[in-house]
Amino acid sequence: MKKRMKKLGALTLAAVSAVSMVACGSGNNATGANPEAGANGASGNSAYDTLVVGTQSMEGVFNPYFYSSAYDNQVLDAVFSSICSLDPDGVLVDESGHVEVEEKDGKYIYTVSLQEGLVFSDGEPVTIDDVISFYYVCADPTYDGMSTIGTLDIEGMADYKKSAAVLWKALATAGKDNTDFTSWDEATQTKFWEEDLPSAGEKFAQEIVDYCVANGYCDDATNVAAAAPNWGFEVAEGATALDFWNVMVDAYDGDILTLSATETAGSSIGDLLDASYAEVIELAAVDTITGIQKIDDLTCTVTFNSPNISADKQIAWIPIMPSHYYTFTKGDLSGCRDKNNAPLGSGEYIFESYDNNIVTLRANENYFRGCPKIPNLKIQAVDEEVKVDLVLNSEIDITDPSASLEIIDQLNQNSDIASYSLVDNPGYGYIGINAERVSDINVRKGLMCLMNREPAVKSYYGDLGVVIERPMTPTLAEYPDDATAYYTYDPAKALEYFEAAGYAKDANGKLCKNGEQLKITVGIGEASSHPSTPILTQMANDMADMGAELVVNDLQFSVLSPMVKGGELDMWVMAWGNSTDCDLTQMFGSEGGTNYQRYYDPKLDAIQAEILKTVDFDARKALVAEELDMIMEAAVYMPVYQRKNMEIYNEVTFNTSTLPAETTTYFNYDDQYQVLEMR
Amino acid sequence: MSDNKELLERNLKEQDEFEKNQVIMTPGQLIAKRFFRNKLACFGLGVIIVMVLFCAIGPIISPYGEYEIFYFDVNTNAEVRMDKVSGNPNLGVLVKAPISASHWLGTDADGRDVLTRLMYGGRISLTVGLVVVGIELVIGILLGGIAGYYGGAVDMIIMRLCEIFYCLPFVPIMLILSSLFVGYGISPQKKIYFIMIVMGVLYWASVARNVRAQILSLREMEYMQAAESTGIKTWRKILKHLVPNTIPIIILIATMDIGSVILTESVLSFLGVGIAWPYASWGNMANVVTDSIILKNYPNIWAPPSLLILFTVLAFNFIGDGMRDAFDPRMKR
Amino acid sequence: MRKYIIKRILISILVLLGVSIILYTVARSVPGDYVTNITAGNQNITPEMEAQMREQYGLDKGLVEGYVDWLVDALHGDFGTSFVYQRPVAQVIKEYMAPTLALSGIALTLEVILAIPFGIWAARKQYSMTDYTIVAIALMGISLPSFFFASILRIVFSIKLGWLPISGMLTARMNYQGFDLFLDYARHFVLPIVVFVITGVGSMLRYVRTNMLEVLSADYVRTARAKGLPEHKVIYKHAFRNTLIPIVTLIGGMIPALFSGAVITEGIFSLEGLGNVALKAVYNGDIPYLMGFNMFIAVLTLLGTLVADVLYAVVDPRVRY
């Protein structure tokens, strides 16, 4: 179903950070009056007492620790306030607290402080413990939510995270020669290394061999020597599965955990071991993260081992969650988990109920910036296709349809009923190429020269989207605005590249190299009504003319995503969203978790490390431009478009003059609920 | 008196004629006669013939490709075809173009000719209907026949298998399997065939049940007992006596199911797992109705595929109804 | 009779086992799992975090081990916790049951009310204009996909005319109480129910008509006519009563449809019912919910056929077990 797809698509855009920013505000807001003027107006005269915000299908996990849907988070935004938030320019500013950094002996100490006199909506005072508990929950060994705080290089963080683990992982990490038997006895360890691990390892290796047979890479399940090369290992002729395992262990220098995670053909080592090895054991009595220190009731410090240009956002742009309500002990987060349907915070509104697809909220009298003027806020899940009609029929007041030229036409014809705003989406759409599957750079460059982006983006988005030339969202200040097209559409040039790669037309008119036709498989999510669709159509046509083949797979997002991650596609179409800083190591670094193009370049890593340490903006911007050029030269990422986000407001029921004076990518109506008014 | 005589003669004559007719008509002719008495059924037959011609001949006549997109020059507004794009920087894709001499039904949201896609889409939709029904019939008749004829443990096992398939939720399974096809690298062209196979396999249960029931009741008929007593071979019994008598119900199921399969394909397309882009089917063309902007402003995009589905499925239903009435020998009215 | 029912139930358990094996295998063989879905697009998720999450959700287990675990828990009455909703599956089903039951319950009742008289009428006037009209109209409803009717009705009655709400189950702006609340629900359910009826009444009507035609040509009806009984007596006393038997089986078969919901209709009108939730579960790879819900429907399906067979025996004294 289309609607579902869009929703899942939007999950791509789900937050980078643990906190908020769902819909991203408005720039050229038609009314644009000063919110203060509205703030003085008489709220008692409003004919309506309920603001209805239209969003998409929620999952009902209203818990900052565990939510995964951006739409659930929209509710959390109203219920929780954070230490700091973003201002219209995307700069971190104080909200209910303040954060400061100082460098000392190569470490970076962030001091987080809270305002005095804050209370939660249940009347309890807010203290720094409520902030510290957030870090602890996210760092818990059993935490499975989306927050990445546990991965930060905070002093003592790693020790805390590793202080409890399942037994086999602990044994594997401790190593064969471990002599510390506080958490397990010697017999267990000996048995593990001498008997159980080798036998599990043998199964593990056999599974790989079986996988190779099942997929036709080799034809005999007993011939380990033939299967191993498919996995990138060499074993002697006539070797057994156990030998194969030992070769792998040696290749990983005995790092069983990484081996298990990287080489698996289905099961991890833990699956193949006895169930008793899956027990969680306490490894060390580490009950605190040494880098997080409480100073007084309203202040704490967080010490980072290394510089990180987004550390302040990571630790200060978090919701304040009452520790007396979200209770936990190390290793047991059930006291937090069972609050999914009853969030409690210090934000503008108090959560009342969620049923019939509607979240009902009521104004929080204790909100530190004053009680919101609209007594009731309702957030309703609605169908993407009818968002505009719902506003025009006055069923909802504010919503965010995906912008199109026709919607703008329709709204312009009804300007007395609805107004709208457009802001740049902090993300971009791109076409990626897997550098391992398409290893010849000339082929990749040839493909790049076949992407005719302008007509597609122009007719799909009109003024609502622009073609971008570098793989980074232009909403970031570091984006090189003067960048020009790296590869222009030119089939003749593409053919030259293919020929340079060694491809030539054979007798049947096929573009072949070593007897194999040039064939590229590309994946796209929901192709009908996708701006990149015409690009691929044209590409397929041009390639067919050359004697090559482009196989286009139209996939559900939930299928596309694992295929891209698993490196099963030569080329794919996707989008990134909610980028808040210019750190591209995850996407382009050798160690990056989302380096789906599988292009590894030490020079790129070096420049990225340099960028992260460069505090001076102009110098950083220059480095970023250089980095982006390197990525373009590698021909693995073709940026396609950056679109605009739209928000529409009901002029009949809602007082649009109380909207923010300037709504931007980073700041919109839901950042100032307390001053909004109805008509 | 003469009146009476005349009347008597006329009666006799009528009776003769009647008997003559009775004698001449084979059962097939009788069925055909009853079938063609049903005006809706005749209408249905006509519609199907037209549709088949449209889809078979149409693509040969059409000057455009199934998934050819059209561009236009931003400055001159002139239409540019796909192979003439190179080197022109001022192009836009000709999306949602109105009805014109070059595009009789305009172009769709991706800039492709609607009429041409209707022809290709019809081929797919009708093929899907025929193939799926073919598969379900083969499996259903075979298993249903075996179960009905042999009975006992075989019947028990096959009928339980039927129940298992009855309990499998169609939509979730199609959604999951469809993503599996892609996961295992099945190309879009081949995906169509896999979808047809899966649908056929998921649908056989009701055919098997019907065939089994029919065979069960036939086995009890006197003529079967007579055949039994003559001592003929089992396969001859099945082929000569049982199978011909199940044909009416099989034809009936087939006509009815073709329509519903075409509809199911459209629902699958709506859910994003039907016939894969860039190929057209009436189903995936019709599901643009959910886009309220297209629904309001571009009837040339959504109405034609919807009407074709409506007429085709309706036609198959009419034919099915007509057949049932025609086959039923008890229908004397 | 009791022996028969017990035997049927025992056999049904075997069938359910088969269904659950197929379902689990299919559900687990999807290329992407829940963890991949929720972490997609998040640039900061590390492979270690993913592995950890997979372990938490039990997705690191093999197919057979996973199924056995599921089966053991299910036999203890524990269908697990839905990944998406983070609540027990049984509780999720209970929570979202009301809209689906209301929608399909009312719609199916209306279908029966419409199908029976019109089906009989059409059968009595076979090959007449009345017959053609009734059949043609009814069949049109089953000749177009439900998303088509839903979209068309919505654009006419909600968007253009503004008579009915566009989607959802309640008017969010109003805080209705009591009878007004009920009326508000009712207004939101009108269009979905109409769509449900349009797309469902055709096959039922045809079923009634066919059975009626069969009965009308039966010997006892001819006898009744020959006796000179008034036509309405022939129809309602002799003919109709005998069509009740197949109709009862049909209604028995409708029991699962009460709960499985109309995926498309619920989706288009944003009704948060079981159909919608099930679809979401498929897209997200929510295996516990998929298994729990579909097994629930399978149980109902088997129960439906059993009830139909038993009712058959009750209505038709000739049937013996």
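In general, the strands of a sheet pair through backbone hydrogen bonds, either parallel or antiparallel.

Because 6 of the 6 residues of S12(A) are buried, this strand is largely enclosed by the rest of the structure; a residue counts as buried if 20 or more other C-beta atoms lie within 10 Å of its own, as exposed if 12 or fewer do, and as partly exposed in between, with C-beta atoms placed from the backbone. In a regular strand the side chains alternate between the two faces of the sheet. Both faces of S12(A) are covered, with Asn376(A), Lys378(A) and Gln380(A) buried on one side and Leu377(A), Ile379(A) and Ala381(A) buried on the other.

## Numbering and confidence

Residues are numbered from 1 along each chain as its sequence is written, while chains are lettered from A and ligands numbered from 1 in the order in which they are written. Since the model is predicted, local features need pLDDT of at least 70 and side-chain atom pairs count only at pLDDT 80 or more, whereas totals for chains, interfaces and linings use all residues.

The mean pLDDT of chain A, that is, the predictor's confidence in each residue on a scale from 0 to 100, is 83, and 92% of the residues of chain A reach 70 or more. Over residues 1-43 of chain A the pLDDT is below 50, and this stretch has 132 contacts in the model beyond near neighbours in sequence, two residues being in contact if their C-beta atoms, placed from the backbone, lie within 7 Å.

An open sheet of 3 strands in chain A has the order S17-S18-S19, with antiparallel pairing. Strand S17 (504-505) and strand S19 (516-517) of chain A stand at the edges with a single partner strand each, so one side of each is left without a neighbour in the sheet. S17(A) pairs with strand S18 (residues 511-513) of chain A over 2 bridges in the antiparallel sense, and Ala504(A) has Cys512(A) as its bridge partner in S18(A).

Helix H19 (residues 533-546) of chain A has 14 residues and reaches 20 Å from its first C-alpha to its last, close to the 20 Å expected at 1.5 Å a residue, the expected span being 1.5 Å times one less than the number of residues. As 11 of its 14 residues are buried, H19(A) is largely enclosed by the rest of the structure; among the buried residues are Ile535(A), Leu536(A), Met539(A) and Met543(A). The buried residues of H19(A) pack against helix H17 (453-461), helix H18 (491-500), S18, strand S20 (519-525) and strand S21 (549-555) of chain A, together with strand S3 (91-93) of chain B. Just after H19(A), Gly547(A) takes a positive phi of about 95 degrees.

## Chain B

Chain B has 12 helices and 3 strands, and its C-alpha trace spans about 90 × 70 × 30 Å along its principal axes. Buried residues make up 46% of the 333 residues.

Helix H8 (residues 222-230) of chain B has 0 of its 9 residues buried, so it lies largely in the open. H8(B) is followed by Gly231(B), whose phi is positive, near 80 degrees.

The secondary structure of chain C comes to 14 helices and 0 strands, and buried residues make up 46% of its 321 residues. Its C-alpha trace spans about 85 × 60 × 40 Å along the principal axes.

In the contact between the two chains, 42 residues of chain C meet 44 residues of chain B. The largest share of the side of chain C that touches chain B, 8 residues, comes from H1(C). By class, that side has 32 nonpolar, 9 polar and 1 charged residues, with Ala, Val, Leu, Ile, Met, Phe, Trp, Tyr, Cys and Pro counted as nonpolar, Asp, Glu, Lys and Arg as charged, and the others, Gly among them, as polar.

Notes:
Helices (H or I, at least four residues) and strands (E, at least two) are DSSP runs, numbered from the N terminus. Two strands pair if DSSP finds at least two bridges between them.
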